[in-house]
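Hi everyone, thanks for coming. I've got one structure to walk you through today, so let me put it up on the screen.

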Amino acid sequence: MENINYISVSFDDEIPLLEAVGKLKESNEKILDVLTPFPVHGLDRALSMKRSRIPLIGFIFGAFGAIVGFGFQTWVFTINYPLVFGGKPFFSAPSFIPITFECTVLFAALGMVSAMLIKSKLKPDSKFIPFDENITNDKFIILISAEDVESARNRIKLTLSGINIIAIK
Amino acid sequence: MFQSPLRIPLIKGRKTYQSITSDLLNPLMNKPAKLWYLGITLSGTALLFGAFMIFWTVWQGIGTFGENRTVGWAWDITNFVWWIGIGHAGTFISAILLLFRQKWRTSINRSAEAMTIFAVICAALFPIIHMGRALLAFFIFPYPNTRSLWVNFNSPLVWDVFAISTYFTVSLVFWYVGMIPDLGTLRDKIKKGFKKTIYKVLSLGWKGSARHWHRHEVTSILLAALATPLVLSVHSIVSMDFATSVIPGWHTTIFPPYFVAGAIFSGFAMVLTLMIITRKALKLEEYITVSHVENMNKILIATGSIVGLAYITELFISWYSGVEYEHFALMNRATGPYWWAYWIMMTCNVISPQLLWIKKLRTNIIFTFFLSIVINIGMWFERFVIVVTSLHRDFLPSSWTMYKPTIVEVGLFVGTLGFFFTAFLLFVRVFPVIAIAEVKSVVKTVGETHPENL
Amino acid sequence: MDEQFIFRKQFRQVLAIVIVVGIIGSLGAIFFSKPGSSRIWASILLNNQFFLGIALGSAFFLAVHRIAWSGWHTVLERIPESMTTFIPVAFLLMLLVYFGMDKIYHWSHSSGQDAILEGKKAWLNIPFFFLRLVLYFAGWIFLIRMMKKNSNLLMNSGDLKYHNRRKLYAGLFLVFYAVTVSASSWDWIMSIDAHWYSTIFGWYVFIGMFVTSLAFIILLIWFLKRIGHLVYIRTDHVHDLSTLLFAFSIFWAYLWFSQYLLIWYSHIPEETTYFLQRKENFRIIFFVNLGLNFVVPFFGLIRLKSKRQLGVAALVAAFVLIGHWIDYYQMIMPGAVGESARIGILEICMTISYAGLFIYIIFNSLASRPLVNKNDPFLEESLNYES
Amino acid sequence: MKKYWREINSKKGGQEDLQVAKVRDGDNSIFNLFSGMKKDGSASRRDFLKLCGYSFAISALASCETKVRKAVPYVIAPLEITPGEANYYASSFVNGSDYCSIMVKTREGRPIKIEGNSGSGITMGGTSARVQASVLELYDTNRYHGPLKNGTPSDWKSVDEEISDRLKIIMETNGKIILITPTIFSPSTEAVISGFLEKFSDAEWIQYDAVSFSGMLEANKLSFGKQVIPDYRFDKADLIVSMGADFLGSWLSPVEYTKQFSSKRDPDKGMNYLIQFESNQSLTGSNADKRIQMKPSHETAILLNLYKDIIASVENREIDAPPSPVDVSETSKKLLASQGKSLVISASNDKQVQLLVNEINKSLGNVGQTILFESYLRVRKGLDENMERLVRKMKNSELDGLIVWNVNPAYTWYDREGFIDGVKKVGLTVSLSCVPDETNRLVQYICPDHHYLESWNDVEAKRFKYSLMQPVINPIYNTRQMQDSLMKWSGGGVVFHDFLKGFWGSSFMSQQTDYLTSDAFFENTLQKGVFEPAIPKTETESVKENIDSIPFDAGKINHQKSQCKVEVVLYESIALGEGRQGNNPWLQELPDPVTKICWDNYACVSPVHAKELGLEDGDIISLRSIELPVHIQPGQAYGTIGVALGYGRSNCGMVGDGTGVDVWPMSSLKDGNIAYYSGIDDIVKTGKKYSFAQTQTHHSMEGRALVREAGLKEYEKDPVAGNELHVHFTETARSLYKPREYLHHHWGMAIDLSKCTGCANCVIACQAENNIPVVGKKEVARVHEMHWMRIDRYYTGSEDDPEVVFQPVLCQHCNNAPCENVCPVAATNHSSEGLNQMVYNRCIGTRYCNNNCPYKVRRFNWFNYTEAGTISGNLRDSAGMTSDLRRLVLNPDVTVRSQGVIEKCSFCIQRIQSVKLKAKEERRAIRDTEVQTACSQTCPANAITFGDMNDAESEISRLINSGRRYNLLEELYTKPAVNYLTKIRNNKS
C-alpha cells in the first residue's frame with residue numbers, strides 16, 4: 001500500500017460504516033478496502049462484491065476426490081490386486097461408497113480452505129504489521145484510494161457529513 | 001436483522017465490541033487460578049497413569065485386557081465409540097447449527113470444536129491400542145509397499161480410518177479457520193514477546209479486510225455444509241463396524257442414524273458438562289447463559305428420545321423378526337447376566353432426559369450439570385451393552401462366556417479422560433474459548449443491552 | 001395481510017373432471033385389461049400411503065418448526081397447514097384396504113404352516129391391525145386439529161397463549177408421530193413382505209414422507225405465486241425450502257444406502273430376499289428410484305442459484321414427487337403383486353384421481369382462511385427474513 | 001503311498017534304494033511352488049501370499065535346523081533326509097498298557113508328529129489323544145538326563161559296576177530280587193526278562209497294572225480256563241451291554257474298540273445298539289443309545305437279574321436273584337433277541353462280577369462270536385495278589401533287591417504307605433524308568449530308559465499281532481534302553497537291537513513265507529511296522545473245548561450292596577488315564593470330552609444330589625479328608641461321586657506337579673483285587689471355592705438346530721429326517737451377487753455326527769500338526785485357549801438323565817466368510833480352492849474377524865505364548881513349551897504365530913500343498929483322500945472326511961449329497977466348506 005495514496009476513515013460501529021460505504025459508492029469513490037473486526041452483514045452487498053468462486057473450487061475438488069476415491073478402490077480391487085473377501089464380487093461398489101464420500105469431503109474441504117488462504121494471501125508471517133491494532137477489536141476502517149490526498153479528504157468529509165466518524169486520515 | 005420479540009437475549013449485560021474483546025480474552029491474559037492448577041494436576045496424573053497402561057498393553061499384549069475368545073472387543077471399542085460420539089457435538093454445533101442459523105451456537109462452538117478434536121484424538125487411540133500388534137498399525141493405511149498389497153476396502157475398519165482421519169482433518173481445519181480472526185485479535189492484543197510471534201504466525205496475517213471476511217464466511221458456511229454429512233458419515237461408519245457384521249445385536253439396519261443421534265446426544269451432554277464448569281471458572285456467565293443451557297437441553301430431549309425410539313424399535317423388531325438369534329440377543333441384553341448394564345443405559349439415556357420436558361429443570365444449571373454426567377455414563381453403557389452383550393452370547397452356546405474388565409482397561413479409559421481434560425485446560429489458556437468475532441457479529445441481534453440496540 | 005385464496009369455480013370443475021377422468025380410467029383399465037385384484041388393491045394402498053405421507057410430512061414440518069422456535073417459515077405455514085386436512089380423508093380411504101387385505105398381506109390369510117408368521121400372530125392379525133390403524137389416525141387427526149385450531153384462535157385473537165398451546169400440541173404431535181410413523185410403516189408396508197424386517201424401515205419411510213411434503217409445498221408455492229398470491233414469499237424463503245429439499249433428499253439417500261449396504265454386506269438370506277426381488281424383477285424401478293430421489297435433487301439444487309429460483313426448485317420438486325411415488329411402488333408392489341406388477345393405465349389413472357382429490361381438499365382448506373396468520377409472533381421476523 | 005522307512009542310523013549300502021527314489025535338484029524343492037513366477041524370475045504379485053507363507057516356513061525351518069544338529073549331527077548327511085521333506089517311520093507306541101501301531105513323521109531327523117498305522121490289524125490307522133501327545137514327551141526337559149545315584153548324576157560305567165556288584169552279592173547270599181514292570185507284551189522283552197530271571201535264579205518278576213484287570217483275569221481263568229483278556233469284537237456285536245466300561249475312552253484298547261464300534265454306526269449299513277450301565281457320565285455312556293445309571297455296588301445285583309432273565313429263557317431254569325435296583329427287563333429282552341450277536345462287558349475288577357458277565361456271555365452264545373480267544377489281548381496281565389504279596393514281603397524285610405521299570409506303586413498302589421515303607425527296607429533299589437515319578441524318588445539308582453521313540457522293541461499287543469518299535473531319533477539324553485540295562489547286568493554281551501533281530505529271526509521267521517532271509521523279513525516288517533501272520537488252526541479251537549465243562553453257581557455270588565450313602569467312583573480320564581503322561585502339557589490342556597474342564601480333576605456330583613447338599617459348581621468338598629472341587633455333572637448317577645485318577649502328581653515335572661488332586665488312596669483292596677470305588681458316609685463342605693479352566697460353560701443348545709439328529713426309524717423312512725431345515729434353506733436362500741466358482745479344487749470336509757464319539761483325539765492331532773501353543777490353566781480359565789479344533793458338547797433332555805451330543809467345530813471355511821469381509825488389512829481372504837486363508841504376518845490383531853465369526857473358531861494370541869512375539873521379555877509360557885528342546889516338536893511347515901495375531905484352522909494347507917506338489921511332480925491328478933488333514937487322518941471313528949468337493953467321484957462328494965448333510969448356521973448363508981451329517985440315534989432294535 002506504500003505506493004498508493006489513500007485515505008482511511010475509521011468508525012466504531014458497523015451502522016455508520018455501512019452508511020458511509022453507501023455514500024462513498026454513490027459518489028463514485030474508489031474504496032480500496034474495508035477493515036472490520038467481524039463480518040459485517042450486508043457489507044459485501046454494499047461494496048457490490050462479486051460472489052467468491054470458492055464454492056466452484058470446492059465442487060471441483062470434491063468431484064476430483066470422489067473420482068480418485070472410487071477409482072482407486074476400483075483399481076485396487078479389480079485390476080491391481082484382486083482378492084476374494086467373503087465371496088463378494090471384486091467390484092463391490094457399495095463397499096466403496098463410504099471411502100469415496102470421505103475422500104470427496106476431504107478434498108473439497110482442503111481445496112476450499114487452500115483456495116481461500118491463497119486467494120486472500122494469508123500465510124504464516126511473523127513480520128506482519130496490522131494496519132491498525134484495533135481493527136481486530138472494535139474499529140472499522142474504510143480505505144479509499146485518492147490521487148490527491150488532501151482534496152480527497154475534504155471531499156470525503158463532505159460526503160460523509162452526518163455520519164459518526166472517529167477519524168479521517 | 002429482525003428478531004421476534006418472543007426471543008430471549010442470548011448475551012447478557014451491557015456489551016460493547018471493546019468489552020467483548022476484553023471479556024473473552026481475559027482468561028488468557030491473566031495468571032491461571034488455583035483451581036486450574038488443581039485440575040491440571042489431577043488430569044495430568046490420570047494421563048500419566050493411562051500412558052503407563054498403554055505401555056503395559058503394548059509390552060505384554062492384549063491378554064492384559066479382560067477380553068477373550070468370544071468377547072473380542074469390550075472396553076477398548078466401547079471407549080472408542082464413546083469418545084468419537086462425544087467428538088460429534090463440536091461439529092454438530094458448528095456445522096448443523098450454523099446451517100440452521102441458530103445464533104446461540106456462537107458462544108459455545110469454539111470450545112465444542114476443541115472438545116471434538118481432543119475427543120477424536122482420545123477415540124483414535126483405542127483402535128490403535130486395541131490391536132494385537134499396535135506397532136504395525138500403519139498396515140491399515142493403503143500405502144504403496146514392496147508387496148504391492150493394499151488394504152481391504154470392504155472392511156468398515158478401513159472406512160473408519162478414512163472417516164476419522166477426514167473428520168479429524170476437517171474439524172481441525174474448520175476450527176482453525178474459524179479461529180484465524182480471533183488469533184489476529186490475540187496478536188494485536190499481546191504487546192510483544194515470543195507469544196506475540198506465535199500468534200503472528202498462527203493468525204496468517206489476518207487483517208480484517210471485507211474481501212477476506214467474505215471469503216472466510218463463504219468458506220465457513222461451505223465447510224459447515226460439508227461437515228454436516230461428514231458428521232453423519234463418521235458415526236454411521238463407526239456404527240457399521242457393528243452393523244455390517246452378522247452378529248445379532250450388531251447387525252441391524254437402524255444403526256447408522258441411531259448412532260448419529262446417540263453421538264450428538266452424548267456430545268451435547270459432554271459439552272454441557274464442560275461449558276457449565278467453564279462458564280463458572282472463566283466467569284463467562286453473560287456469554288453462556290441459561291438460554292444456551294436450555295437450548296442444549298432441548299437438543300438432549302430430542303436426541304435422547306430418538307435414541308430411545310431406536311432402542312424400542314430394535315427391541316420390537318427383534319421380536320417381530322421371528323429370528324431366534326435376534327430375539328435371544330435382545331432378551332439377553334435386558335434380562336441376561338448383563339441386565340444391569342442395559343437398565344443403566346435405559347435409565348440414563350431414555351428416562352432421565354425426559355425430565356427436561358419440565359422447564360424448571362432444563363433451566364436449572366446444577367440439575368443440568370448432574371444430568372449431563374448421567375447421560376455421559378448412560379451413553380458409555382449403551383456402547384458397552386452393544387459391544388459386550390451382543391458378543392458374549394452369540395450363535396453357538398458352546399462359546400458363550402462372560403467378560404470382566406481388568407485394571408489395564410480401566411486405566412486406559414482413565415488415561416484418555418486425563419488427556420481430554422489436560423488438553424482442554426491447556427486450550428483455555430492458549431485460545432479464546434468463545435469465538436470473539438462471531439459473538440460480535442451477533443451481539444446486536446441477540447445481545448441484551450447493546451448500546452446501539454437500546 | 002388478509003390475502004385470501006379464492007377457490008374459483010373453474011378450479012373446482014377442472015379438479016372434479018380430473019378426479020372423474022381418473023376414476024373412469026381406472027375402472028376402464030380394470031374392466032378391459034383385467035389387471036388382477038392384488039394390483040388394484042396395492043394401487044389403492046400405494047396412493048393412500050403416498051398422499052397420506054405428504055399430509056403427515058407437512059404436519060411434521062409445521063410441528064418441528066414451531067417447537068424449534070423457527071421464524072422464517074411463518075409466511076408459508078398456511079400451506080402445510082391446509083395440506084394436513086387430507087388426513088381424515090386418508091383415514092376413510094385406508095379403511096378400504098380392509099376389503100383387500102388378503103390380496104396384499106399374505107399374513108392375513110396364512111394357513112398356520114409358516115412358523116415365522118405364527119410367531120408374529122400377536123402383532124399381525126386383522127383386528128389388531130385395524131385397531132392400530134384407527135389409533136394412529138385418531139392421534140394424528142386430534143393433534144393436528146388442535147394445532148390448527150390454536151393457530152386459528154391465535155389469528156383471530158392475537159393472544160400469545162394460543163401460540164404456546166400450539167407449540168405444546170406440536171411437541172405432543174412429534175412424540176406421537178415419531179412412534180406411529182414407524183409403527184404404521186411396519187404395519188402397512190413392511191408387513192407386505194411379512195418375513196422380512198429392517199429396523200431402519202420406519203425412519204426411511206418417514207424421511208420419504210417429509211421430502212414429498214417439502215416438494216409439494218414448493219410446488220404449491222410455485223402455483224400460488226403464478227396466480228398472483230404470496231408475493232411476500234421471497235427468494236430467501238425459496239432458498240430455505242430448496243435447501244431443505246436438497247438436504248433431506250441426501251438424507252433419504254443416506255438412509256437408503258444404510259439399509260442397502262448393511263443388508264448387502266451381511267448377506268443373510270432372510271434380509272437379502274427383499275433386495276433380490278427388487279433387483280431382479282424391478283431393476284429399472286430400483287435405479288430410477290435412486291435417480292429421481294437422489295441424483296436429480298442433488299445436482300439440480302447443488303448450486304446456490306438454482307436453490308434460489310422457484311422455477312428450478314419446482315421442477316426438481318416435481319421429479320422428486322414422482323420419485324417417491326416410485327419409491328413407494330417398489331416398497332409395496334414386489335411383495336403385494338409380484339412380478340406381474342407394472343405401471344399401467346390403472347396405476348396412472350388412480351394416482352391422477354387421488355391427486356385431484358388431494359389438491360381439491362387442500363385448495364378448499366386454503367380458501368377457508370387468509371393465506372397468512374397475521375397475529376403470529378414470528379410473522380414480522382419471517383417477512384424480514386434474509387438467508 | 002506313504003514311504004515306510006527303516007531306522008535312521010543304519011546305513012547299509014543299497015538298502016536306501018528301496019526307498020522311493022527322490023530327485024534332489026531344485027525340482028523337488030518347495031521353491032517349485034512358485035511356478036507362477038515369470039520367466040525372468042520376477043515374482044508376480046499373486047505369488048505374494050505364497051511367498052509370505054513360505055518365507056516364514058523357511059525361516060522356521062532354518063532356525064530349527066541348527067538345533068537339530070545338536071541331536072543328530074550331520075557329519076555325513078544321511079541320504080534319506082531331504083531338508084524340507086518329511087520322512088515317515090513305522091513304529092509302535094507303548095506306554096504301560098496303552099498300545100498303538102504308529103507312523104512317526106520326522107523332519108530333518110526330528111520326530112514331530114505321530115500318525116496311525118493303517119496297516120495294523122488292531123488300531124487300523126487310528127490313534128488316541130495320548131498317542132498323539134506322546135511325541136511331546138520325547139522333548140520333555142524333565143526326563144532323566146542320565147543315570148543317577150542317590151539323586152546325584154552319575155555315569156553309566158560306575159552305575160553298572162556298582163549295581164552288578166551288588167546284584168552279585170545278593171545272588172551269592174541267596175537274597176531275593178524282584179523286578180516290577182507293567183504288563184509286558186513284548187515277546188523279546190519277555191525273553192530278556194526271563195534271561196535276567198534265569199541269571200538271578202531267586203529273582204521274581206511281577207507285572208503290575210495300576211488300573212488292574214486282575215479280577216477279570218482270574219474270572220476268565222475260571223470261566224474259560226485261560227487267564228487272559230479275550231479279543232472283544234465290537235464290530236461283530238449288534239448289541240453291546242457295557243457295565244461301566246468306557247471302551248471308547250479308556251478301557252483296555254479304546255482305539256481298536258472305537259474303530260470297531262464306529263464301523264457299526266453308519267445308518268445306511270445298519271447300526272449297533274449300545275446299552276451303558278454306569279455311574280459317571282463317561283464318553284462311552286455319552287454315545288450310548290440307552291444309558292442306565294447305577295451305583296457301582298449295585299452292579300452284581302443288576303447282572304444277577306440279567307442272568308436270571310437269560311437263564312430263564314435259554315435254559316428254562318429259575319435262579320434266585322435279589323431285587324434289581326434298576327429295571328433290566330428291556331435289556332435282557334434285547335440281549336435274548338440278539339444271541340450270539342451281542343456282547344456284555346464290565347469294567348469291574350471284582351472277580352464275581354466278571355464271572356457273572358462271562359456266564360451271561362456264555363449263555364447268550366457270544367463266546368466264539370463276539371468274544372474270541374485265538375488272538376486274545378495281552379496288554380493286561382497283572383494280578384493284584386502278586387503286588388500285595390510283594391509289599392508284604394518288603395515290609396517284612398524279606399527283599400534284598402528291587403528293580404522297577406515304568407511302574408509307580410508309590411503313587412498308584414492303594415497301600416502306598418506300605419509300599420514306601422517297604423522300599424526303604426530293601427537293600428538295593430533300582431529304577432529303569434524314563435521319567436521321574438513318585439516311586440523313583442525312593443530308589444538309590446536310576447538307570448533311565450529311552451523314550452519309546454528312541455527305542456527298539458517289538459510288541460504283541462494281541463496274540464499273533466506283532467509290531468515293531470524303532471528309534472526315530474538318536475537318544476536325546478544320556479539314557480539306555482531298559483532291556484540293555486537288564487542284559488548288561490545279567491552279563492549278556494549283545495545289545496538289544498541285535499538281540500531283537502536275532503529273536504525275530506528265530507521266533508517268527510517260521511510263521512511267514514514271504515521272505516527268505518531273516519534280515520529281509522526284519523527289514524520289511526520294520527517298514528510296515530506290523531507282522532500279522534495267520535493264526536495257527538490249533539489256537540482257534542482251544543477255548544471252546546473246555547468252556548462248557550466249567551461249573552458255575554450263581555447262588556454263591558455275593559450281592560451285598562454297600563451300606564454307604566455315597567459311593568466315590570474312580571475313573572481314568574480320557575487325557576491322562578492313570579497319570580503316566582501327567583507332565584504332558586497338551587494332555588493337561590485337553591478339555592475333557594464330557595466336562596470340558598482341563599488342567600484338573602474334580603468331584604462329579606449329580607445335579608439332584610448337589611441341590612440336596614446345597615453344592616454349587618466350584619465348591620470344595622472333603623471326601624475322606626481329600627479336598628476336591630465340585631463339578632455338577634448332568635447324568636452322574638445319584639449318590640455317586642466320580643473322580644478322575646491320574647492327577648495330583650508330585651514328582652513328574654513342572655507341568656504335572658500339583659495339578660489336580662491325587663485320589664489313588666481312595667482305591668481299596670476288596671476280595672483280593674483292587675476296587676475302584678468306595679463307599680463314604682460323609683461329604684464335608686469346606687466352604688472354600690475353586691474356579692475351573694473350563695472351555696465350555698453353557699451346555700444347552702437353546703433350541704437351536706446346531707446338532708441335528710433323528711432316530712434310525714425316522715431316518716430309514718426319510719433320509720432328510722431331522723434335517724428339514726436344510727431342505728428349506730437350500731430351497732429359499734439365494735445370493736445377492738454371483739456366487740464365486742472354484743475352478744480347480746474346492747476343498748471340503750464332512751463330519752459324521754453319528755460316528756463321532758467326541759474322543760478329542762483330533763484336538764491333539766491338530767495341536768501337534770499346527771504348532772498350537774499351550775497357554776496354561778490360568779489362561780484357559782480366562783477363556784484364552786488356543787485349540788483350533790474344539791468339540792462342542794451339548795446336553796439335551798433332562799439334567800438328570802441327559803442325552804449327549806458332540807460336535808467337532810473348526811474353521812468352517814465359509815465361501816461367504818463374514819470374517820474375510822471385515823479384516824482391514826486383507827490378512828484373511830479366500831483362496832481359489834475355497835480355503836479361508838490367514839496371513840499371520842499381515843495380521844495386526846484387531847480381532848474384528850473373530851467377533852464377526854458366527855462359529856467363534858478364530859483364536860487370538862493374547863500374549864506371547866510362543867516366543868515369536870515382537871517384544872522380548874514378555875513371554876507367557878507356563879508349560880515350558882518354548883524351551884529349546886520342546887520347540888523341536890514344532891512342525892516347520894507351519895508358522896509359529898506371534899503375539900497379537902489371530903490364528904485358526906487352515907485345513908492343514910501345508911498338507912494340501914505338499915500333496916499337490918507331489919502330484920505335480922508325478923504328473924498326475926490328486927487322488928481322492930490323498931489329502932488328509934491332521935484331524936481326518938487321525939480320527940479313530942472315521943467320522944471326518946476331507947476331500948475335493950469338485951471331484952464328483954470323491955467320498956466327500958458322496959457325503960455332501962447325502963440327505964443327512966447340513967451346514968452349521970446355514971441360515972446365515974455363510975456357505976461353509978465344512979459339512980455335518982446328522983446324528984442318527986439307534987431307536988430301532
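Predicted model: local features only at pLDDT ≥ 70, side-chain atom pairs only at ≥ 80, totals over all residues.

I'll talk about two of the chains one at a time, and then about where chains touch.

Okay, chain B. What is it built from, helices or strands? Chain B has 15 helices and zero strands. If you draw a box around its C-alpha atoms along the principal axes, you get roughly 75 × 55 × 40 Å.

Now, how does chain B compare with a compact globule? For 454 residues, such a globule would have a radius of gyration near 22 Å, and chain B comes out at 23 Å, so the two agree. As for burial, 65% of the 454 residues in chain B are buried.

Here's another way to look at the fold. Take the contacts in chain B between residues at least 6 apart in sequence: 82% of those join residues at least 24 apart.

Let's move to chain C. Again zero strands, and this time 16 helices. The C-alpha trace of chain C spans about 65 × 45 × 40 Å along its principal axes. Buried residues are 52% of the 387 in chain C. And of the contacts in chain C with a separation of 6 or more, 84% are between residues 24 or more positions apart.

How many residues of chain A are in contact with chain B? It's 54 residues of chain A, meeting 51 residues of chain B. On the chain A side, the elements giving two or more residues are β2 (31–35), α2 (43–46), α3 (54–80) and α4 (93–119). The largest share comes from α4(A), with 16 residues. Sorted by class, that side of chain A has 34 nonpolar, 10 polar and 10 charged residues.

And then there's chain D. Here 49 residues of chain D are in contact with 44 residues of chain B. On the chain D side, α24 (818–822), α25 (848–851) and β37 (859–860) each supply at least two residues. What classes do the residues on that side of chain D fall into? They split into 21 nonpolar, 18 polar and 10 charged.

That's my tour. Happy to take questions!

Terms used
Residues numbered from 1 in each chain as written. Chains lettered and ligands numbered in written order. Helix = DSSP H or I, 4+ residues; strand = E, 2+ residues; numbered from the N terminus. Rg over C-alpha atoms; globule rule 2.2 N^0.38 Å. Buried ≥ 20, exposed ≤ 12 C-beta atoms within 10 Å, placed from the backbone. Contact = placed C-beta atoms within 7 Å. Nonpolar A, V, L, I, M, F, W, Y, C, P; charged D, E, K, R; others polar.
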